[in-house]
Amino acid sequence: MANVLCKASVRTESDFARINVRKGSGTNTEILTTLAVGTMDLTVRDVQPDQQQKAALSGKVYQWFNVDLPDGGRGWIRDDLLDIVGDCGSVGYSSLSTPTWAFGLTRVEVIVRPPGDPERVRKAAFNITAGFEGGGYATYQNRDDGVISYGRFQFTLASGSLFSVLDKYLQKATGSIADQLRSQYYEPIKARDANLRNDQNLKNLLVAAAPDPIMQEAQDAVATDVYWNAAMNLSAVPRNINSALGRALLFDMAINHGLRHDMIALAEGALSLPVRGRLPDLATEKLLIAKLAEVRQDRMNKLAVKLNAPGLKQRGDFWVAYVATNDWDLLGDLNGNVTIKPGRTVQVKNP
């Protein structure tokens, strides 16, 4: 139910014809307006516990819903007066396919990281790029020049990044799978032995290792150390690129094209900016990132034709379109989601 907004409606099971809408999350706050019972399609923006910790006879503290009102304003309504439906995960509830009494549900406190929090930005960028690279820790293919590509970010045998993942995994992992990888494949993978391309046993072992939290931690750590940190140090920091969206694009390009591609310099040249020069303000950064997305889109379009792989266009098209949304903090839609391609949605607000 991703991207189906969380909606509220005023319950019809009421002793009153109209209910109060308040300025804050408590009955001690001003009444802004009233709504008729049965009023529907109120988009939920936030949920907070009663500011005075008022509770029902059961002892359960009331929750207050901040909603869009029919007149265009916003106001707060108590949970015992509402039914909710849709993807309500961003406000602490589950996805609901049918209208459900809000007071009867248990809410989980949602910890929202600030827009510029570096860890949130990194995880959001990882979610986007993983969605294009294959998405899962167990993803495995042996069809291209990488010989073997494995994991969330398609670490390759040919580049040596697969060995980096395996080495980090085996530093902590124990058990039969780890023992076999260590004894049979550590040295061949370190040597980037192309004869491993069609080794079914190796594939089975790597796929079987993928659910292990130690393997997942290893993949994310290598992506952070080898690609995220390097992309930030080589491309973002020298140019003073600080937006979440800009940094996510730089990471995606580093994974997809390598750390030392020429496209940033081409974008700088197109805007008559000094190569690797420090950008003076956010406005200039936005211009550069928009141009970079266009340069990358052109590169991806040409690759799609050359390789007869039309799917490559989606990645370049996505970044151009998303830059146009001006979501520079990379917070996604109302539920914190971003649709990167048809059928593929990822979480960026609370990744």
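Q: Is Y93 buried or exposed, and at what relative accessibility?
A: The model is predicted, so local features need pLDDT of at least 70 and side-chain atom pairs count only at pLDDT 80 or more, while totals for chains, interfaces and linings use all residues. Residues are numbered from 1 along each chain as its sequence is written, and side-chain values use heavy atoms, with hydrogens and water left out. Buried means under 20% relative accessible area, exposed over 50%, and partly exposed in between (1.4 Å probe, protein chains only). Y93 therefore counts as buried, at 6% relative accessibility.

Q: Which residue forms a stacked aromatic pair with Y93?
A: Rings of Phe, Tyr and Trp (its six-membered ring) pair if their centres lie within 6.5 Å; planes under 30 degrees apart count as stacked, over 60 as edge-to-face and the rest as tilted. By this rule the count comes to 13 aromatic pairs. In one of them, the centres are 5.7 Å apart with 20° between the planes, and the partner of Y93 is F65.

Q: How many residues apart are F65 and Y93?
A: Helices (H or I, at least four residues) and strands (E, at least two) are DSSP runs, numbered from the N terminus. F65 lies in strand β5 (residues 63-68), and at 0% relative accessibility F65 counts as buried. Y93 lies in the loop between β7 (82-87) and β8 (95-101), so the pair links distant parts of the chain, 28 residues apart.

Q: Which helices hold F126 and F251?
A: The ring centres of F126 and F251 are 4.8 Å apart and the planes stand at 20°, so the pair is stacked. Both residues are buried. The pair ties together parts that are 125 residues apart in sequence, because F126 lies in helix α1 and F251 in helix α6.

Q: Which backbone oxygen does the side chain of N127 reach?
A: N127 lies in helix α1 and counts as buried, at 17% relative accessibility. Contact means heavy atoms within 4.5 Å. Leaving aside neighbours within four places in sequence, N127 is in contact with R152, V346, Q347 and P351. At 2.9 Å, the side chain of N127 reaches the backbone oxygen of Q347.

Q: Why do the buried residues of α9 lie on the same side of the helix?
A: In helix α9 (residues 312-323), the buried residues are R315, G316, F318, W319, Y322 and V323. The arc is that of the directions from the helix axis to the C-beta atoms. These residues lie on the same side of α9 because they cover an arc of only 150°.

Q: How many bridges join β4 to β5?
A: Strand β4 (residues 42-49) is joined by 2 bridges to strand β1 (residues 7-10), and the two run antiparallel. On the β5 side, Q48 stands opposite W64. β4 and β5 also run antiparallel, and the number of bridges joining them is 5.

Notes. A polar contact is a pair of N or O atoms within 3.5 Å; within protein, one must be able to donate a hydrogen and the other to accept it, and residues adjacent in sequence count only if both atoms are side-chain atoms. Two strands pair if DSSP finds at least two bridges between them.
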